[in-house]
Amino acid sequence: MATDPAAVWKLVQRADELVKYAQNRDPHTAYAQARAVLDEAEALAGQLDQKAADGLRAQIETRRSDIARFEAAV
Amino acid sequence: MFRKKDPAMAARIPPGQHLTRGWPVLSASPIPPFDPATWRFRCSGLCNGAEWTWDEFRALPQTSITSDIHCVTAWSKLDNAWDGVLFSEVAKRAGIKPEATHALVKAPYDYDANLPIDALMDDDVLFAWNHDGEPLEQKHGGPLRLVVPKRYFWKSTKWANEIEFLDHDQRGFWEVRGYHNDAFPWEEQRYSWQE
């Protein structure tokens, strides 16, 4: 069965929620969980056609940079 | 959750939202420190330019507005009493230029949110320092956050410290990351693929 870009985006959103609620608990744990979800999203994006995958990979990379920046500031 | 038999309350909840009685803490970034001695609020871009200290900003004309919050993560919180200064008052004092059509309202950690000037000049849009009669807690954007009741709440920049006036639209932090540029809750405009 073909991977749906929406399934990848859903994982990206899940990572967003983990990051958004990170300040409610141990932020480092939340950021680590968000990174794991982004890894999962990237693996799934690898099954998409290149155009769809590239856009989603760019979104995933932006979020990894955000998390690194936020984590350094905690 | 709200009681479904309360139609007046249910009618205030946009599609896809549920009511919360608490106030969840949301922030992608860490909570920035606040020092009233060094805090500044700046206006840049298409305006004459302005800068206020915390005491100066708090001395701006105060207004009180009660409005509902609709967060894109699907909770809504009704009847929030805000005290602060209208965006329109700040823009006027900054000498906004006629060619300004949009603005980015900015915060630490490179956060920003974009909106058209027309939307920001609405009489329910303010920079709030109090919530329900108490100083706005830092975890909720204190000392100062923008409040734009007609849009999803990410447009209401927490820890606001700058307005940049622009003659074009420029997507903000979440808008670049796949979230809707307009963000109207009653139209459920959550993601950029809906645009």
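Visitor: What makes Arg42(B) partly exposed in this predicted model?

Guide: Arg42(B) has 14 other C-beta atoms within 10 Å. Buried needs 20 or more, and exposed needs 12 or fewer. The value 14 falls in between, so Arg42(B) is called partly exposed.

Visitor: Where is Arg42(B) found, and which residues does Arg42(B) touch?

Guide: Arg42(B) sits in strand β2 of chain B. Leaving aside residues up to four places away in sequence, Arg42(B) touches Glu51(B), Asn161(B) and Glu162(B). The test for such a contact is C-beta atoms within 7 Å.

Visitor: What separates Arg42(B) from Ala94(B)?

Guide: Along the chain, 52 residues. Between their C-alpha atoms, 8.8 Å.

Visitor: Which residues of helix α3 of chain B are buried?

Guide: Helix α3(B) covers residues 87-94. Its buried residues are Phe87(B), Val90(B), Ala91(B) and Ala94(B). Each of them therefore has 20 or more other C-beta atoms within 10 Å.

Visitor: How do you know on which side of α3(B) they lie?

Guide: By the arc around the axis. An α-helix has 3.6 residues a turn, so residues three or four places apart point the same way.

Visitor: What do the buried residues of α3(B) pack against?

Guide: Six elements of chain B: β2 (40-45), β3 (50-53), β5, α4 (117-120), β8 and β11 (162-166). Just after the helix, Gly95(B) takes a positive phi of about 70°.

Visitor: Why are β4 and β5 of chain B said to pair?

Guide: Pairing needs at least two bridges. Strand β4(B), residues 63-70, and β5(B) have seven, so they pair, in the antiparallel sense. Ser64(B) stands opposite Asp83(B) in β5(B). The hairpin of β4(B) and β5(B) has four residues between the strands, and there Ala74(B) takes a positive phi near 95°.

Visitor: What makes β1 of chain B a partner of β5(B) too?

Guide: Two bridges join β1(B), residues 18-19, to β5(B), residues 75-86. At least two are required, so the pair qualifies. These strands run parallel. Leu19(B) stands opposite Ser76(B).

Visitor: How many bridges link β5(B) with β8(B), and in which sense?

Guide: Five, in the antiparallel sense. Strand β8(B) covers residues 126-131. Leu86(B) has Leu126(B) in β8(B) as its bridge partner.

Visitor: How many residues does each chain give to the contact between A and B?

Guide: Chain B gives 12 residues and chain A gives 12 residues. On the side of chain B, six are nonpolar, four polar and two charged.

Notes. Residues are numbered from 1 along each chain as its sequence is written. Chains are lettered from A and ligands numbered from 1 in the order in which they are written. This is a predicted model: local features need pLDDT of at least 70, side-chain atom pairs count only at pLDDT 80 or more; totals for chains, interfaces and linings use all residues. Two residues are in contact if their C-beta atoms, placed from the backbone, lie within 7 Å. Ala, Val, Leu, Ile, Met, Phe, Trp, Tyr, Cys and Pro count as nonpolar, Asp, Glu, Lys and Arg as charged, and the others, Gly among them, as polar. The arc is that of the directions from the helix axis to the C-beta atoms.
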